[in-house]
Structures are given as C-alpha cells and as structure tokens.
Amino acid sequence: MAEKFDLNEREVWDGNYAASQALRQADVDVVAAYPITPSTPIVENYGSYVANGYIDGEFIMVESEHAAMSGCIGASAAGGRVATATSSQGFALMAEVLYQASGMRLPIVLNVVNRALASPLNVSGDHSDMYLGRDSGWIQMDAFNAQEAYDLTLCAFKIGENHSVRLPVMVHQDGFTTSHTAQNTYPLTDEAAAKFVGKIVPVDDMLDFSRPVTYGAQTESDWHFEHKIKQHKAIMDSRPVIDEVYAEFEKLTGREYKRVESYNMEDADVAIVALGTTVETARIAAEELKSEGIKAGIVAIRCFRPFPFDQVREALKNVKCVSVLDRSSPAGAMGAFFNEVSAALYTTASRPLVTNFIYGLGGRDFSIEEAKRIFKEQQAHADAGHITTDIQQFSGLRGPYLGFFQTKRG
Amino acid sequence: MQDLKLRANDNRGLSQLEAGFDLLGWHEITQGSILHSFDGDATNIVNLKAEERTYSGYNSYTATVASWRVDKPVFNIDVCIDCQNCWVWCPDSSIISRDKQMLGIDYDHCKGCGVCVEVCPTNPKSLLMFAEQRELGEALSQWPEKKKKEEKN
C-alpha cells in the first residue's frame, strides 16, 4: 500500500509537478517512460514518488519514446491503467506507436509538454508536436496553466477509460511557460481524486485467460477502412462523454471546463482563436482594449481532438473578424488550425473574415502588446469589410515584412 | 497404410483467412480489431488437444494459410520411427502427432519450408518434398530404397 502524500489545500506547483501529482493520485498501474525536456520533471517527479513509496504501480524505464509507448500499449492491453509523458522529438519518435495505441482502442494517458521540433534544435515551447498528433486517433486536450494540467490529467483517465470511448488521451501544456512556471494550484485530496477517476474496468484484457484475444491484427483493403472509421466515429462520439466528465469535475471542484472556452465573447466584434498560454495573454489584451472601445474576445480550444467544429462555429458566428493563431510552422500551407477554424466558419451564414498569424515558434515570446495589435488589426478589417492585409502573417518575426495570399472578398 | 486425408479436425481449412467471413460493416466489427481466439469460456482449454478446442472463426486454426505453398512434404508411415524430430522442428506446428505417433502433415498450415525433411534421420527419409500438385499415392509409390553404406561416397 502506497504511503500517504501530504498535500495542502493550495500548493505552488508548475505544470509538470501538477501533472505528476495527478498521475500519482490516479493510481496508475504502469508508467513506462523515457524523459525528454521539457516534460522530464513529470517522469522525474513520478520516479521520486516511486522511490519514496508513494506509488503502488510499476514504473518502467525504457530505452526510447518508441519503447515507452510500446510498453504502455502492452500494459494497457493487459488491462492496466497506463500513462506516460513526452515532448517534441520524443513525441515524434512515438508517432508510429501512437497510431497503434488508438487503433487498438487502448485508453493510455499521455502528458505532452509542447516543444518545437528540430531542426534547428530548440527546447522551448511551440505546438509543432501537438499538431503532429492531430491525425493519430487520440483525444487531445489542452491545458493553459498548471491547474488545468492537473485537472485535465485527472479527467483524461475518466474520459479515455469510459467504455463508450476507449481511446487514448493526450493532455497538452506549453513547454516552460506552463511546465516550469510555478503557480497556485488547488489539488483534490487523494481520496477525492481517486473517487473521481474511479477504477479502470478493463475491456478485452489480455490477462483474462478465460477469453484469450489477439491484439494488433492485420487488415488489408477488405477490412482496414471499416476499422478506421469505427475508430473515427468513436472519437466523434466521445464529445458528450467529455462534456459529462467536465460537468462532474465542475460539481466536485467548481472549476468549469468546456471543449471550447470563450472569453469576452458576449458582444465581441473581433476575436482571437488560440491554444495554450497565449489564451491568457490575449485575455489580458482584450480586457485592456475595452477602454479603447474595441470589443475583443477570445475563443480557446480546450479539446483539439475531437475538433469541436460545431462549438467553434457557435462561438464565432456573431463576430466580424477572427484571427487564428498558429504556433507551428505551416511549412507551405496556411496554418492547420486556421484551416480547421475557417472550415467551420465557412458553414455559417455570417462567414466572418478570418486571418492567420504564425507566431511564437521555438518559444518566441508573445506579448500582451502584440495581442492588442492583432486585435486592432482585426478591427480595421472589420471596419473595412474585408481583409486589408495579407491573410497569413507572422507575429514577432525579425526581418522584412512577410505575408501570403490576399482576399478575393470585398 | 496411412490415412492420406488425415486432418486433426474436420472443420479446418474451410476458408482462406484473408477473405474468410461475411464482410461485416463498420458497425458490426470488433472494437480495436481485437480477435477472440475461442468461442466461449477458454479457462481450461490449454488442457485439451487442438482438435477438441473451440477455436473461433477468427483463429487461424480454422482457416487455411497455406495457399502459397509450392512444394509439399509427403510422409511415409512405413519408414518413420516416430522420433518426433520433425514435430519439434516444424515452425508452423504442422506435424500432426498424437501419443508420440507421427500421423501426418497439416496441409492447411504447412508452408513447405522443408525443415521436417532436413531433420528426418531415417534411411530412406520418412518425409520427402514433392511438387504441390503431385498425388500422395503416386509420391509414395516412388519412394527411394534404403541407401547402402558404400553408396554414400
């Protein structure tokens, strides 16, 4: 039996520590991990809990991230509750195995501390790794601060292990800005957390010797399509379960989560759509712009997959101009996030103007002033009735002005 | 005389694994492409002989996976000494042996690799490779004589 870990009602935790405490409280059966900056402390903290007797489960140190996720798959198929953490190149090395986990419908929880992808090598936060996972068949939730990293990690087990979901879940947080920034965090007691998450009830577990099963079957053109679409439907159908788990969590803690978060959107004319810590920066900017008469709002995507197409549309249907901020190099396209938000808005009657900023690559700072500038620029588009700049621009980039594509509307 | 049609179970080899069953829709297939090996409770199934087990339609035991064999081993019961060498070495569990009596080849799973022939210690060999389409009776009628010691060199 694990030792009792003393917690205060209010702790000062960074995102990594918060996530590692959530893993401890979730009573995970197996953590198989290979640490990488900036997610290292999640695994490191967890290792110290193991060493000090606070963990009943197994902690397996492996030789790569590929092996980490492979170990997680084995343990999850065996019927255990399983989690790990990674970032950037480690996430990229996991990529093959991520698809295996989701295809086998194994509810593994992965804490992804977002970091840029090399080359050039960079340890700081952007969303390149997060975007890399977007077609991998995992549920992807995004925490904007340490408290949310803790809360969403607890929710992740409950969502993924739900028998009508049975999917792996990633909980993202921004490298360093969240993962290494200590903030006030209000944890649940161990008892309350354990009660909320509940015990895992295995499905098709390989340790059930009365019902032997084969995992990882081969399916060719006559079967593969059906299996992939069944999986796609499961991700789509996870939406109400995610809402239920968020609602239950709110009842317990008073902290409310939605798949799409809206701030100052009630009467907004212009909006920023963003992920991660940028959301909090933009919220301050929007507040400050009130005095200048600009009605600015923020729509933040809490649940990146399943993509909340309907809720994004609902949140933005009354604004005049939207800027979607992509923190990942689009490498020859519009930002992927811009494309997804634009696709949702295209199916509305109002079809607000949509622009795209690429920003914050490799941890480049995104300031409140810059958020205000972007809001003001959207106001100018709204006043003109069309996009007056290039559709894709770059925020915080040194060098001569760069932009791509002009509007054909207006 | 050996049973040339011997199979461990009458239900075997009914179908090709890759196109075996009614092609189900996305709403009917198993979650995570999980395949169950047996029908019903399999708690003590390890104690049963293969032909007594309730293998499911998803198990390769009930399907033939040998369609691409070019040469097949033919077994001659009159020469065999039941040493079980072939049973030990066969990589596809395709040597059928019961109570240490070699009974024949499972042609639904044998890939024709020839390992059984290589490891057969008798003179002449009790297993020899023949072209897939060759009749078993014809193959047995052409079995070589025992090699004399002086013929070796």
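This is a predicted model: local features need pLDDT of at least 70, side-chain atom pairs count only at pLDDT 80 or more; totals for chains, interfaces and linings use all residues.
Two strands count as paired here if DSSP finds at least two bridges between them.

Staying with the two chains for a moment, 17 residues of chain B are in contact with 20 residues of chain A. On the chain B side, the residues that touch chain A divide into eight nonpolar, seven polar and two charged.

Now to chain A itself. The domain assignment gives domain 1 as 11–209 plus 220–253, and domain 2 as 260–404. The C-alpha centres of these two domains of chain A lie 28 Å apart. Between them, 26 residues of domain 1 are in contact with 20 residues of domain 2. On the domain 1 side, the elements that give two or more residues are helix 5 (128–132), strand 6 (139–142) and helix 8 (224–253) of chain A. Helix 8 of chain A provides the largest share of that side, five residues. By class, the domain 1 side has 10 nonpolar, 11 polar and five charged residues.

Next, the sheet. Chain A has an open sheet of seven strands in the order 3-2-4-5-7-6-13, with mixed pairing. Which strands stand at the edges? They are strand 3 (58–61) and strand 13 (303–305) of chain A; each has a single partner strand, so one side of each is left without a neighbour in the sheet. From one strand to the next, the twist averages 20°.

At the strand 13 end, two bridges join strand 6 of chain A to strand 13 of chain A, and the two run antiparallel. Gln140(A) stands opposite Arg305(A) of strand 13. On the sheet packs helix 3 of chain A, residues 65–77, which touches strand 2 (30–33), strand 3 and strand 4 (82–86) of chain A. The direction of helix 3 makes about 165° with that of strand 4 of chain A.

Arg305(A) comes up again in the backbone geometry. The peptide bond from Arg305(A) to Pro306(A) is cis, with omega near 0°. Pro306(A) sits in the loop between strand 13 and helix 10 (309–316) of chain A. A cis peptide bond also runs from Ala118(A) to Ser119(A), with omega near 5°. Ser119(A) has its place in the loop between strand 5 (109–114) and helix 5 of chain A, and helix 5 is one of the elements on the domain 1 side that touches domain 2.

Finally, positive phi angles. Asn264(A) is not a glycine, yet has a positive phi of about 55°. This residue is in the loop between strand 10 (260–263) and strand 11 (270–274) of chain A. Is Asn264(A) buried, exposed or partly exposed, and why? Asn264(A) has 18 other C-beta atoms within 10 Å, so Asn264(A) is partly exposed; buried would take 20 or more.

Phe405(A), also not a glycine, has a positive phi of about 70°. Phe405(A) lies in the segment after strand 17 (403–404) of chain A. With 11 C-beta neighbours inside 10 Å, Phe405(A) counts as exposed, because the cut-off for exposed is 12 or fewer.

Methods. Residues are numbered from 1 along each chain as its sequence is written. Chains are lettered from A and ligands numbered from 1 in the order in which they are written. Domain bounds come from an automatic or database domain assignment. Two residues are in contact if their C-beta atoms, placed from the backbone, lie within 7 Å. Helices (H or I, at least four residues) and strands (E, at least two) are DSSP runs, numbered from the N terminus. Ala, Val, Leu, Ile, Met, Phe, Trp, Tyr, Cys and Pro count as nonpolar, Asp, Glu, Lys and Arg as charged, and the others, Gly among them, as polar. Axes are lines fitted to C-alpha atoms, for helices over the stretch in contact, and angles run from 0 to 180 degrees between N-to-C directions.
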